[in-house]
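Biologist: Hey, could you walk me through this one? I'd like to jump around a bit.

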Amino acid sequence: MLGKEKLLEVRNLKKYFPVKGGVLQRTIGHVKAVDDVSFDLYEGETLGIVGESGSGKSTLGRTLLRLLDPTDGQIIFQGNDISKLSNRKMRPIRKDMQMVFQDPFASLNPRMSVGEIIEEPMLVQRTLTRKERKDKVIDLLEKVGLSPEARTKYPHEFSGGQRQRIGIARALTMNPKFIIGDEPVSALDVSVQSQVLNLMEDLQDDFNLTYLFIAHDLGVVKHISDRVGVMYLGKLAEIGPKHKIYDNPLHPYTQALLSSVPVPDVERKREKIKLQGELPSPSNPPKGCVFHTRCPEAHERCRVEIPELIHQGEEQYVACHLYTSESDI
Amino acid sequence: MQEKTDSKQEIGQKKTDVLLQVEGLKTYFYMEQDKVAKAVDDVSFTLKKGETLALVGESGSGKSITSLSLMRLIPSPPGKIIEGSIKLDGTDLLSLSEKDMRKVRGNDIGMIFQEPMTSLNPVYTIGNQIAETLMKHKKLKKKEAYKRAVELLKLVGFARAEQIVHEYPHQLSGGMRQRAMIAMALSCDPKLLIADEPTTALDVTIQTQILDLMVEMKEKFESSILLITHDLGVVAEVADRVLVMYGGQIVEEATAYELYTNPQHPYTVGLLNSIPNLESDVERLESIKGTVPPAHRFPKGCRFAPRCKHVMDKCYEANPDLLEKDSNHKVRCYLYEE
């Protein structure tokens, strides 16, 4: 990644949700949805974030866009720390960062025509005339593979894949630099899923976009990403170039996750690493390494000390005590 | 002596080799404005004893309606099984009265659904729900039923089964609920287990646990599984034979090995190529253009024709038949007709 500009730097980002209880609804604890996450995102690349439900990957996406206010840490977008900006100061920055949501049925307003949906961000940002807005809508519809007539129709007239195209067109209206896709293809059937993935790749080239692609499907993430980050219980377990993560996973969780994915191939039966138990509750995460309760390699140190992300060659970082020696402390 | 019993068993097995035989099943839905949705349109297949048969297809292909038809759980109106026969161990389920059918459900056929939260009753304890099935179908006393429920929960991997029987569904996680569902489905020793997207709502590490459990339980209880799923990866892991559905019909039928190593129907080929695979690295995914047609507006001729890469003139004229290519492979496509 040398020579590439950093678009986004995330430093020790935390997002805690208070848990209220008792008669007075006092805060009695916190759900640590995102807990001390740091990474960089380079211009024009796709960073995939994988993790199981409850790992905090969606909260991470929402916090980066400031749809949620971070509890602590920095989000540096194009050199500016946006983590504490007011809503008013955020507005001009928001046009550079957009989101494509998972559920194409819930994320489009059923009472607005497709034209209005795509036009709305331009109305909020107040930079174009009515004629320019209309031309832009038609142009965008064509870019995402829909006919200009779609403008006057309503979301219910479209299939899931077509709706996701509308959602993508809406995200592109303000010529953003950065798009977060939160499970953008997981609600779609496989034959349609590949159409949308191909479209996202084409648009990335055409508009020079940077993607943060959040998904639970490891196959999809492998296909679209340049680099991949693996999250577990609010923390980044491992991050690196995709060929390193998929061919040489270092973290025991990444290894188990990859070995569990069913592969549509009857000739290659791979040995599976079976994880015991389930994801612990993020309101009461295990002490030490959060993965130690399910880790086949856990030892004494894992129960007490939180592992840091450490460099393991060629941009691969892993948070695991197997790769640190006692003398490093 | 030993040999004799063996050969006897063999003959016995031959005779009753087939557990489920579905013949020409048609389930239509009659909608407003005289529209007819042919959700299941002339589906025939057999399921052998001890076999795991997978029914794959995208949403709208008719796979779930097929499984609901087997249980006779089609909401009527608007739905109706208009033709065909469903024979379970020789009994035609379609000729049974509703009362007799109720005995078949749960007793002979167990069912596992996709969303364990909506298929378990939130106001009863897990134990109560399993015991209810046992008291109804097996005529057990309450105490015995609870004892059996604890045994079943242990069998599906609950370490603290004695406590779990007294817990409510919301106290369990998704994977645990699905285990409880499996325990319930197995409670009456069913001959057939229908699993409709049993792992779709679960995370991959949990999915592995549940799939293994299903296979283990199938062997322990000597039952057969009809697995309904859209995930071709899951199918490759567990199925012996596969039916591929498209537009309410079976378009390809083969053993799992044959289907993955030698897919024939352009739809199956397209589907397999459009999945981003962990093993391979392709620049661009193949995709099938267009979308699945709605069940009330199937195109004339082959239902896949408008999306097919190899479409010919005659594909638009008449629907091809499901023809046997060889003994373990059938395909519905003109490309393979003599």
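This is a predicted model: local features need pLDDT of at least 70, side-chain atom pairs count only at pLDDT 80 or more; totals for chains, interfaces and linings use all residues.

Biologist: Over how many bridges do strand 1 and strand 2 of chain B pair?

Modeller: Nine, in the antiparallel sense, between residues 18-30 and residues 36-48 of chain B. Strands pair if DSSP finds at least two bridges between them. Strands here are DSSP runs (E, at least two residues), helices likewise (H or I, at least four), numbered from the N terminus.

Biologist: And what stands opposite B:Val18?

Modeller: That's B:Lys48, in strand 2 of chain B.

Biologist: Switching to chain A: how many residues of strand 7 are buried?

Modeller: Five of its five, residues 178-182. Buried is 20 or more other C-beta atoms within 10 Å of a residue's own, exposed is 12 or fewer, partly exposed is in between, with C-beta atoms placed from the backbone. A:Phe178, A:Ile180 and A:Asp182 point one way, A:Ile179 and A:Gly181 the other.

Biologist: Which strands pair with strand 7 of chain A?

Modeller: Strand 6 (residues 97-100) of chain A runs parallel to strand 7, joined by four bridges, and A:Met99 stands opposite A:Ile180. Strand 8 (residues 210-215) of chain A is also parallel to strand 7, over five bridges, with A:Phe213 as the bridge partner of A:Gly181. From strand 7 the chain goes through helix 6 of chain A to strand 8, a right-handed β-α-β crossover. Right-handed means that, with the strands pointing away from the viewer, the path from the first strand over the helix to the second runs clockwise.

Biologist: OK, how many residues of chain A are in contact with chain B?

Modeller: 35, against 37 residues of chain B; contact means C-beta atoms, placed from the backbone, within 7 Å. Helix 6 (190-207), helix 7 (218-224) and helix 9 (252-260) of chain A each give two or more residues to that side.

Biologist: Which one has the largest share?

Modeller: Helix 6 of chain A, with seven residues.

Note on methods
Residues are numbered from 1 along each chain as its sequence is written. Chains are lettered from A and ligands numbered from 1 in the order in which they are written. Two residues are in contact if their C-beta atoms, placed from the backbone, lie within 7 Å.
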